[in-house]
Structure formats: structure tokens, C-alpha cells
Amino acid sequence: MTTFTPTTSDEVLSTVAWAVAEESPLEILGHGSKRGIGRPLQTEHTLDLSKLTGVTLYEPAELVLSAKAGTPLAEIERLLAENGQQLAFEPMDYGPLLGGEPGKGTIGGVLAANLSGPRRLKAGAARDHILGINVVSGRGEAFKSGGRVVKNVTGYDMSKLMANSWGTLAVFTDVTFKVLPAAETEVTLAIRGLLDDAAASAMALALGCSAEVSSAAHLPERIAARVAGGTLGSDAATLLRVEGFGPSVAYRIAALKTLFANAGPLQEISGEASRLIWRDVRDIRPFADGSEKPVWRVSMTPSQGHQMVLTLRMQAAVSAFYDWQGGLVWLRMEEGDPEAALLRGLLRKHGGGHATLVRAAPAHRAAVPVFEPQAPHLAALSARLKAEFDPKAILNPGRMAPGVGSATLGIAT
Amino acid sequence: MSGLAMPKPDDATMRRRDEIVADMRIIVPGEGVVDAANAMRAFESDGLTAYRQLPLVVVLPETVAQVSRVLKYCNDRNIRVVPRGSGTSLSGGALPLEDAVLLVMSRFNRILEIDFPNRVVVVQPGVTNLGITTAVEQEGFYYAPDPSSQIACSIGGNVAENSGGVHCLKYGLTANNVLGIEMVLMNGEVVRLGGSHLDAEGYDLLGVMTGSEGLLGVVTEVTVRILKKPETARALLIGFPTSEQGGQCVADIIGAGIIPGGMEMMDRPAIHAAEDFVHAGYPLDVEALLIVELDGPGVEVDHLITAVEAIAIRNGSTTCRISQSEQERLSFWAGRKAAFPAVGRISPDYYCMDGTIPRKELPRVLAGMRELSEKYGLGVANVFHAGDGNLHPLILYDANVPGELDKAESFGADILRLCVKVGGVLTGEHGVGVEKRDLMPEMFNQIDLDQQMRVKCAFDPNHLLNPGKVFPQLRRCAELGRMHISGGKLPFPDIPRF
């Protein structure tokens, strides 16, 4: 059991090349803040990128930032904030949910997990902001893709392919992201006391008007009390965030207030209080309870989210709240069983999408497909792709799907 | 032309042409198979008209099952296939091959579903880009990416090329606005990626399909996100005595936290050509003309117009007009939108390039272009998506003068080399196609290119789908799959390990 801690890209390359030659699988790690997601790994060696750090290029006027893959996200966010900028896709922090420290995680991990946040609706995810990469494939070869400019269609977009690959295609050494100005002002309008179906209609209405709502979440009764230190109280809260320049935000909030004048009690929350609420929604704070109760992240058609939950409640005890206009459903299974087959069956009946088991005891993660199983042709295509990048299954073997490359090496799955 | 080497036609396929045409007629009955040379003439080139080639046969399927059967038939018999949408590619992406079936998707022209509550539209790939907006605009919605060919180009082609447009700085490219596709692989398998939900459950194959130039699969359905139209839009028309000042103004606008809906720059030759053509009222005594469009609620637009005007004046603008009416806003754009035909009026032919550069390098690249212009003895006019650094130099030449086309191509290649040298890329939105194929090694080394080709191997291991595009040299997948393992020693024995 060896942990390699390279400090340069060349050292990453030589370590992976060595592992390929030895046919000895590696667990690829940044800070390990998301180590609890995916099928448990049983590799002999660990490749720890937490010492491969440093922002190598930051040009605010060009809206671009490059960093070594192990650079702490917190450090990058600090640097951007000093310049009035941000990663507009608002990468979430799984730390609190998984019982880790908050504020950990590397920029490489942001891409590997394709993180995003409540602003996903308007601003996209990591995949929408990655401009270029330098990586080492499971063949033990260093290659690059993309560049440092926003508009680029030169060759396949291999950078996007790295998003949500969870370290199974290549080890990142350098990543380049598009950065954007941070909003000058942020105000949240909360509609109180709505049931899930009324909330879904309200969020659809808000997103379909010209108020440019950047985030829309619904915290049902009691869940609402578990964000921002309980300042919201426990009544259900349907949250609409508006961001931008002061006069514009004021105008748009007023428009929303008119639109929802008869929907229920309205509450305006601005500045730091608003930011705190959205941070907690983003980081799934309502379910950060220190337990191992299974938590699902379900991405689906927004208008279907609450309907699926309604059906699910008839067969299992669940707590739920909604982001992305209802298209991102966070579910906690209160009785301890992930109920994967039940949930995924219902998901298919409600317009499809994908359910990821982001928290569960290791035994459940080994027994239940953590990532949504794919249709046969798509699964076969993904497996062929994995083999083209990592033919000997050196990189995080089996983390995303059992048997992808791992059986040939005799690794317990 | 110009020594562009395409894959050698396969003799066996050429000999079996009659049989293949007959079989295609069985798979796609009715009017869907075109094999007469005069009728195929309409398909012999795309928007890059300098390259022409008649295909083996043109097939226009109507159903996914037909697409699947055509591809499987061709895969089983080692027959090449070139997919085509509306044929507006500017890089030769849909250029036919002599021995290939040209699979034309224009009959896939139906809008399948409009879902306003979830703000998605499901369409067949032959629907035009503008057709999507037309279908939803009565409810005040639109589809954001707006390539200048939007009246004609198909959404399937937009996926293949990852098309942009003047609004993509604020609203993103095709890749950021497509939520799902259905596609058929070369072996006939039908695969669905995404849908009306966000993100992929596994690898982001939608991300790699977008911009793959028809080399990985044939798109048969597209799900796009639509947006509510901004309440208002106003524009500023700003002239500068130097391109440096124009460039600094753009940097300062972004530095002030403003992301305009559109931000376009033109250089002196482009300004003059456009003004002569459409009389938009452009100032003729400036070196750089900037159009900045702000969109959103009126109160926001007014607020930002004032801010941008102040930034422009601070950067020494010699003219700054603010649109006072929708008509005036459109007149600001009229010259920019007519820039290509306007340049067509001052030169018998022009060759449109598409590099992207870090914005701050603009003065250096413009100076480099002036030198090259002298060296080659050909004029050049520049229009520039200033917000994202995407340059469109238009090289002026006369195809009837022997050698001028070759000179224009060499000039263009040198411009792209310059773009790469300053940290940019070969193509921002037009695609590699055949046009920039042989320049790929300027940006990528062999390892980079080999890994891209391995992606191709996962989708199409026999290189049958649109071969001869994007990659300068095709390597067999078996060869690409070989591993070269060098010993089992750690070359860095001093790497910390615990």
C-alpha cells in the first residue's frame, strides 16, 4: 500500500506509466472530499494530487484561470473573489453531507465530479466552463485538449469528456476554466407555505418570465428550518434568486412580487442572508446529519420531480427537497434502505433522468449501482471509451460501474 | 484543389455502386435516393465551395429506422458515409467522398414537442436553427445560439459543429444549450444521451458529440433549452482611433463586470466595405468600430449603457452613438451583419478564416496580419467577436487569377499559425473539416491527436463515418490500441510516498 504524492506533472506521468507497466491500479485522489461517492475501491496504491498545486494563469480581463489539478477550490474562489469574479457554476461541497470538513476539495475534483450548484439552471455546470485540460491517460501518456479561449471547436471536446468521469479516464494535471464577474447584488424572494405541486408551478412560472431568475428551489415544511441556521423558520419556502446590478435586481424582484402577489406570504431576503441560504441548499445541509442514511441526487424533468416523490412516498419513507426548478431532487431514505430499484423504476415512469446514490454505507455502495445504470448500447459505448483511455483499468477501476475493466485484473467487485 | 488529399476511394465499393444504389432504394423507398450525376450536383459541396466532389449516391432517409439500416448496411460492407444537414459548413465538414454514401438529414424537419413549463423543445435534426425560435416566439421564447447562417443551418449541423453566434458570450454555444440527443452509431445502434433533465449519468458523451463534425454518430433528434426573450435591447456604436483602444475598451467593460449580449468589432477595411454597401452611418475616420449590445429589463439596459459609454470615453473613443430606437439598433447591426457580402463587393472572392485568440493579443495579431497581407499581396478585412476573441479575417482574392487561391490559402494558414502562437486556436466556431485538417499538428502533438482518434475508435472502429475530415492522418484503431510500455521502474524514485 503506497501513496504517491507527486508535485509536478512529470511526476504524475511517471507514476501512472509505472502503474501501467506494473498493471497495478491506482486510486486517484485530491482532498478525498468525495471519496465516499461511487463504488468502494480496492486498489493497492493511491495517487494523491493534493501537492500538485498552484494557479498558473489568471487574467481577469480575459475571463480565464488555469491551475494545477490539486489546487484547493477554496484558494481559487478566494482569488476570484478578490477580483470580483467567480466560478459562475457555483461548485457544491459534498463535505458536510459526507461527514467531512466543509471547504475542502480541489479544482480537479470539481471537473471529475462535474460539480455545479443552484445556478446550474442559468449558468451550467463544470462541463460548461471547462476550456482546456492537460491529463495523463491510463495508457501512461500525457495529452492536452482545448485551450484558454472560450470559443474553440478545434478537435473533439475531450475536456467535457473528463467532466463526471470520476478519475476513471485520465488523471488531470492542469485545468483551465472560464471565470465570470460575480453579481453585484443578490436578492431572494421566498414564497412561503406552498405544497410541492404548487411550488413546482410557481417555479415554472418564475423561470418562464423575463425576471431572469438564476436559481429556483423548494424546501418543504420542516426542511426549510435546516438551512441558514434556522433563520427561515419551518414553513415551506419556495426560493427564487435574482442576481445582477442593483437597479435591475430591484426591478425584477418587484416584477416577481407582482406575479406572485396572491401565491402566499412573500419574503424578501438579500445580501449575506440570501447567500447563506443558497450555500446550504447547494451543499445539501438539510441532510448533513452525520448519519449514513442513504441520500440520492436525482436529475429529472423539472415538472416531474414532485410527482415522482409523491408516488415514492406511498412505498417508502423519504425526505425530499428540490433545486433547479424541481429538476434536482435530493432524497434521504429514512429507513436506511436505498430502495434503488423502486426509485429508478419510478424515475423511468416520470420522464427519465438519473439517480446517483451520493451517500450510503460502503456495503450499500458495493451492492447497489451508485451511478444510474445505462441502456445496453450506451453502456457498451461507455465501456469501449473507458478502454480507449485506460485499457488496463489502472485508474479508479470499478468506481463508476462494476466490471468495467476490473474483472480482468481479478479485483474484487 | 491545393493538394488536399482525401482517403483513396475503395475500388470494391466503386465497382458495386449499382448494387448499393439498388439496396439503398429498398431501405429508403420513394424519392429518398438520388444517383443521377446532374441531380447529385446540388450536394457536391457545402459552404466551403472551393472544394467539390460528387458522392457515390445521395440518400435522404425519413425515419430513424432507415438511418439505422443505412448505417448498418454500410458498416457491414465497409462503405463510407458522409452525413450532411443543410450544407452550410464553412470548413468542408459535409464535403462528399467519391466512394461514400452522402446521408442527407433534411427530411427530418419536424418539431416533435414544445414544453414551455420545462422550457425545452424536441426537434428533428433537419429543423433550422431559426425554425426553433419561430416555433416558440409567440410565447416570448427563443433559442439562444444564433450563427449567422441561422435561417438555413440545421440544428443537427449545429450539434456537429458546436455553432456559436454573436450572442454566445452571454448565452453560450450549442454545447451549453442542447440537453439531449438521439443518435445512430455507425453499426446501426440507436443511443439516447440526456433529455429534458440536466447532466449525464456517466461520461459526458453529449459534450464530446457536440462539435464532433459528423465523425462519431448521426444525430436523429435534438432536445434544446429555450429562453425567455429579454425585455429590451439597446446598442452602442463606438469608434476608436486605434485597435488597441478598442481592445482596451472591451477589456474594461468585462472588467466592470458587464457581459454584453453582443460585442463585435470591425477594422477599417471592414468598416468601409460595410458602410459603402449598406450606408449604416458608420464613422469612416476610425481604425476600430465596436458594437456593444446590452439586453435585459429596460432599467438594467439603461444603467449599463451609461456605464459602457463612460468606459468608451475613458478609452478615447472619437464617436459613441447610443441607439434611441429599435430601428436605430438594427441599423447599427446592419453593417456588421452585411460584412461578408459587403466584402464580396470589393473583391471578386474572399476566404473567411475563424481563429480565436486571447483578446489582449488583438493588436499584435492585427499587426501580424498587415505584414502577411503585404507579403502575399492580398487584402484582408477583419470582423471580430470581440467578447470572446473569435476573429474572422476575410482574405480578398480573385479565383480567376492563377495562383491567387493558393496564395489566399497560404495566407489563411499563416494567420491561423499566428493565432496558435499567441495562445489561441485554429477554429472558434466553423470547425476543422477539411479546411484546417492539415493544420491540426500546429496545435496538437501526435499523442494528443492519437487520443482523439481513439475516441473515434470507440464510436466507429473502421473509420467509415466522415473519414478524411478533422484528422490529418488516419491511423487504424488496432494500431492506436497498442500499448508501448517502457520498463517497470519509477523514473522519479524521489516522489514522496507513504
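## A salt bridge to start with

Let's begin with one pair: Arg285(A) and Asp280(A) form a salt bridge, with their closest N and O atoms 3.9 Å apart. The term stands for a side-chain nitrogen of Lys or Arg within 4 Å of a carboxyl oxygen of Asp or Glu. Between domain 2 of chain A and domain 3 of chain A, the count is one salt bridge.

This is a predicted model, where local features need pLDDT of at least 70 and side-chain atom pairs count only at pLDDT 80 or more, while totals for chains, interfaces and linings use all residues. Residues are numbered from 1 along each chain as its sequence is written, chains are lettered from A and ligands numbered from 1 in the order in which they are written, and side-chain values use heavy atoms, leaving out hydrogens and water.

In contact (heavy atoms within 4.5 Å) are 17 residues of domain 2 of chain A and 15 residues of domain 3 of chain A.

How much area do domain 2 and domain 3 of chain A bury between them? The value is about 1,300 Å², with 57% of it on carbon and sulfur atoms. Buried area is the accessible area (1.4 Å probe) that two parts lose on being put together, summed over both. On the domain 2 side, Asp196(A), Ile223(A) and Arg226(A) lose the most area to domain 3 of chain A, together 32% of what that side buries.

## Where chain A meets chain B

Now for the contact between the chains: 93 residues come from chain A and 102 residues from chain B. Chain A and chain B bury about 8,200 Å² between them, and 59% of this is on carbon and sulfur atoms. Within chain A, the residues that lose the most area to chain B are Lys151(A), Val153(A) and Tyr156(A), together 12% of what that side buries.

Which charged partners link the chains? Arg297(A) forms a salt bridge with Asp199(B), their closest N and O atoms being 3.8 Å apart. Across the interface of chain A and chain B, eight salt bridges are found.
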